[in-house]
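I opened the model to look up a few things and wrote each one down as I went. The entries follow in the order in which I made them.

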Amino acid sequence: MADAAVAMRGDRYVAYMTLLPSAIILLLLVAVPTVTVVVLSLQEVGLGERGGPFVGLANFASVLTSETFYRALFNSFVWVFGSVSLDMLLGLGIALLLNKTFVGRGVARAIALVPYLIPTVVAVLVWRYMFHDIVGVLNFLLMKVGVIDQPLLWLNSRSMAMLSVILVGAWKFFPFVVLGLLGILQSIPQEQYESARIDGASGWQQFSRITLPNLMPVFLLAAMLRTIWTFHKFDIIYLLTGGGPMDATTTLPVLVYHKAFVDFEIGNAAAIAIITGLILSILLSVYFVLIKRAEDKQ
Amino acid sequence: MASLEIRNITKVFNKHQAVDNISLSVMDGEFVVLLGPSGCGKSTLLRMIAGLEMPTQGDIVIGNRVVTQLQPKDRDIAMVFQNYALYPHLTIYENIAFPLRIRAWKNDKVDEKVRWAANMLEIVDLFERKPREISGGQRQRCALARSLVRDPSVFLLDEPLSNLDAKLRHSSRDQLREFQERVGMTSIYVTHDQTEAMALGDRIVVMDQGRIRQVGTPQEIYERPADTFVATFIGTPPMNLVETASQTIGFRPENFLPRTFFPDGQDLVTLPFRSQRVEYLGDERLFYGATEGPLPATRIVARVPSTLKEHVALKEVTMFAVLRSELSYFDLGSGTALVAAVEPAATMEGGSLHG
């Protein structure tokens, strides 16, 4: 018995020792920054300062009463909703197409992944050229076809800028959705469709009664991941528009950056970051409920 | 219910002849089993009847309608798949109701029909479950119930028992046949399992390489195989085949018994048999060995019931015999059964062949 207890203690020791490195890394990368941000949000801190006077919830109060914050919040929702719904739809459509049998399907599948693989900086630079009012290919083509008769200010007008960043966001990330959905599509047994055909199901009925329910859990999971990533996406927007023109594309992460590194209000920026995190958690809990429900249906 | 006729059906996939000019008539209410090794074309034939594949040539007639060009849904058939093809996101009730929902039936009509089918297969208590929550046997019955609710003319079953374990397969086979007789449905059943085929079929269609080798009742197929393929495909262990100078002679292992077992005065063919190995299977012993002259040495299996206590020494020659009436004769070249056999005594030279 005593030997067993010693052995057990030995096992436990080994277990803790092997867990320790990851625990330390997690602590350093997650816990420390989180606590730091919380501490900063309660202080009045300038750029480059370790800390400052404790101001309680004053930073939160100032954020929650500022018009900029609500505009950024609104922009964030437009950006997330627009970009995610567009790339989910695009991803679903293209996954369905790529699941059909046709000549060159392998090549088409590889090409569909390209946007996901191109580095954001490169992709954004290319898109900025394409969006250019005068030399951009988008305006050139649209005018040639006759859809518009004068150049659109894709990135430089308040009304168009958000649409432009949404387009680029959806374009960049729809391959992720394709990857997830295509995997599921390929795993749906063909017999389910054949049986439905014998029963007289139309193409639409096969899609709505077999394909969609099979896809739903992964579809929602992909939508959740896309929402998280899109919600704190910074690079695409900042590189494309810098949050402008005016603040037309200033989402919460862009606002945090501005507050911290343009206005030097670190405490204020930290407060916005925390609020952003809270909003995201609420969004995620909705998804978790939906995914749980979809999985229960399986 | 309806009769089914297959007229000169051929199916070619990328130059590969999957089904080669097959014709077959199935009577109203008959249970016909398509039996053959994998790749013999039996599933392709079934899928063409279902309309899931188009034949390259030929016609399919259900009842008195030529359905060759019709969509699966217009053929008035139902199909049960090997993996059952149940919808994982729907309850058992909704799975059974699926064909009726597709037809936009009213709820009370759907309910009536679903309950009728589920009662027939005794799965009413599973209504609220999902397919993954029930056993393989229950899934199979659920798939059957789903195929039943539309009152189809012909049932097509593609290896519906092969995903079940051996014990369950036996009881499901029994239930399936009983059910078929009760409903009186015209059924085409595909399997590679000869026991299943023998147990279920009113008639068996033995197929190989896209062609029909024999059509007959289980007894006809077993006792009078049309050729050496059927003779060796049916029966475990298969029929023993011994080639003589002029023909191939076949006999079933269970008919090949120690000479001392037979009373005198029967018309026997006696062969010296050297047993190399024995498998004791409880109810019977299988002796593996070879004939010893006057015929060319041929590997042979003898299946001796354990109730026969005759001693058969291993590695030694024992006289075995088979009733002359139990012999089958096949053409040496083509392997086709010979109806009127050449007198075996004349071909099997040597006195040891006499009883």
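**Entry 1: helices H3 and H4 of chain B**

I looked up helix H3 (residues 107–121) of chain B and helix H4 (residues 136–148) of chain B, whose axes come within 9 Å and cross at roughly 140°. The model is a predicted one, in which local features need pLDDT of at least 70 and side-chain atom pairs count only at pLDDT 80 or more, while totals for chains, interfaces and linings use all residues. Residues are numbered from 1 along each chain as its sequence is written, and chains are lettered from A and ligands numbered from 1 in the order in which they are written.

I noted the terms here. Helices (H or I, at least four residues) and strands (E, at least two) are DSSP runs, numbered from the N terminus. Axes are lines fitted to C-alpha atoms, for helices over the stretch in contact, and angles run from 0 to 180 degrees between N-to-C directions.

H3(B) and H4(B) are therefore oblique to each other. For angles, under 35 degrees counts as roughly parallel, over 145 as roughly antiparallel, 65 to 115 as roughly perpendicular and the rest as oblique.

Contact is counted when the C-beta atoms of two residues, placed from the backbone, lie within 7 Å. Seven residues of the contact of H3(B) with H4(B) are nonpolar, none is polar and one is charged. In these classes Ala, Val, Leu, Ile, Met, Phe, Trp, Tyr, Cys and Pro are nonpolar, Asp, Glu, Lys and Arg are charged, and the others, Gly among them, are polar.

**Entry 2: helices H2 and H3 of chain B**

I turned to helix H2 (residues 92–102) of chain B, whose axis comes within 10 Å of that of H3(B) and crosses it at roughly 125°. H2(B) and H3(B) are therefore oblique to each other, and their crossing is right-handed. On H2(B) the contact is made by B:Tyr93, B:Ile96, B:Ala97, B:Leu100 and B:Arg101, and on H3(B) by B:Val110, B:Lys113, B:Val114, B:Ala117 and B:Ala118. I sorted the residues of the contact of H2(B) with H3(B) into eight nonpolar, no polar and two charged.

**Entry 3: chain B as a whole**

I read off nine helices and 18 strands in chain B. The C-alpha trace of chain B spans about 80 × 45 × 35 Å along its principal axes. Of its 355 residues, 42% count as buried. A residue is buried if 20 or more other C-beta atoms lie within 10 Å of its own, exposed if 12 or fewer, and partly exposed in between, with C-beta atoms placed from the backbone.

**Entry 4: two loop residues of chain B**

Is B:Asn64 buried or exposed? B:Asn64 is exposed, with 8 other C-beta atoms within 10 Å. I found B:Asn64 in the loop between strand E4 (57–62) and strand E5 (65–66) of chain B. B:Asn64 and B:Leu4 are 60 residues apart in sequence, and their C-alpha atoms are 8.5 Å apart in space.

B:Val67 is in the loop between E5 and strand E6 (77–80) of chain B. B:Val67 is buried, with 21 other C-beta atoms within 10 Å. Leaving out residues up to four places away in sequence, B:Val67 touches B:Ile60, B:Val61, B:Ile62 and B:Arg75.

**Entry 5: chain A**

I looked up where the chains meet: 16 residues of chain A are in contact with 17 residues of chain B. H9(A) gives the largest share of the side of chain A that touches chain B, seven residues.

I also checked helix H13 (residues 266–297) of chain A: at 1.5 Å a residue its 32 residues should span 46 Å, and its end C-alpha atoms are 47 Å apart, which agrees. The expected span is 1.5 Å times one less than the number of residues. Among the buried residues of H13(A) are A:Ile266, A:Gly267 and A:Thr276.

Technical notes
Left-handed = near helix turned anticlockwise from the far one by under 90°.
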